[in-house]
Amino acid sequence: MAKGSKDRPRKSPGKYERVILTDIRRSRRGKHHNLVAGIFHDLESLPAGSAIKIPLAEVDGTTLANLRSAVHRASTSRGLGIETLSDEENFYIWKGPK
């Protein structure tokens, strides 16, 4: 007896839509994206020997550790060397060696 198309298991189309990988943006856009983008916009035009002073009270509840982590992650992805320092009220960032 020949097997007909009735005997073959049917592939389900899947629950989720499929997309081509080239259509997907591969960069990270975390919750601190806008804050970090503004910092790096200012950092690009920063003269040598100067630092950006970011008041911690104005970063919408972002902790110092999370801010520092986001800034360092962004600098690594941009290939830009930075250095940071903080005190009780402010976070400082400036260009450093790569």
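Reply: The model is a predicted one. L85 stands opposite Y92 in β3, and five bridges join β2 to β3, residues 90-95, the two strands running antiparallel.

Me: What makes β1 and β2 the edge strands?

Reply: The open sheet has three strands in the order β1-β3-β2, with antiparallel pairing. β1 (52-55) and β2 (82-86) each pair on one side only. Neighbouring strands of the sheet are turned by 20 degrees against each other on average, direction ignored.

Me: Which helices lie against these strands, and at what angles?

Reply: Helix α1, residues 33-44, packs on the sheet and touches β1, β2 and β3; its direction makes about 45 degrees with that of β3. Helix α2, residues 64-78, lies across β2 and β3 and runs at about 170 degrees to β2. Angles run from 0 to 180 degrees between N-to-C directions.

Me: How do you know that the span of α1 is close to the expected one?

Reply: The expected span is 1.5 Å times one less than the number of residues. α1 has 12 residues, for which 16 Å is expected, and the helix reaches 16 Å from its first C-alpha to its last.

Me: Why are the buried residues of α1 said to line one face of the helix?

Reply: The buried residues in α1 are V36, I39, F40 and L43. Seen down the axis of α1, its buried residues fall within an arc of 95 degrees, and therefore they line one face. These buried residues pack against β1, α2, β2 and β3.

Me: What does the face of α1 turned away from its buried side carry?

Reply: That face carries N34 and H41, which are exposed. The term exposed is applied over 50% relative accessible area.

Me: Why is T62 called buried?

Reply: The limit for buried is under 20% relative accessible area. T62 has 15% relative accessibility and therefore counts as buried. Its place is in the loop between β1 and α2. Leaving aside neighbours within four places in sequence, T62 is in contact with H32, L35 and L67.

Me: What makes the approach of T62 to V59 a polar contact?

Reply: The backbone oxygen of V59 lies 2.9 Å from a polar atom of the T62 side chain.

Methods. Residues are numbered from 1 along each chain as its sequence is written. This is a predicted model: local features need pLDDT of at least 70, side-chain atom pairs count only at pLDDT 80 or more; totals for chains, interfaces and linings use all residues. Side-chain values use heavy atoms; hydrogens and water are left out. Two strands pair if DSSP finds at least two bridges between them. Helices (H or I, at least four residues) and strands (E, at least two) are DSSP runs, numbered from the N terminus. Contact means heavy atoms within 4.5 Å. Buried means under 20% relative accessible area, exposed over 50%, partly exposed in between (1.4 Å probe, protein chains only). The arc is that of the directions from the helix axis to the C-beta atoms. A polar contact is a pair of N or O atoms within 3.5 Å; within protein, one must be able to donate a hydrogen and the other to accept it, and residues adjacent in sequence count only if both atoms are side-chain atoms.
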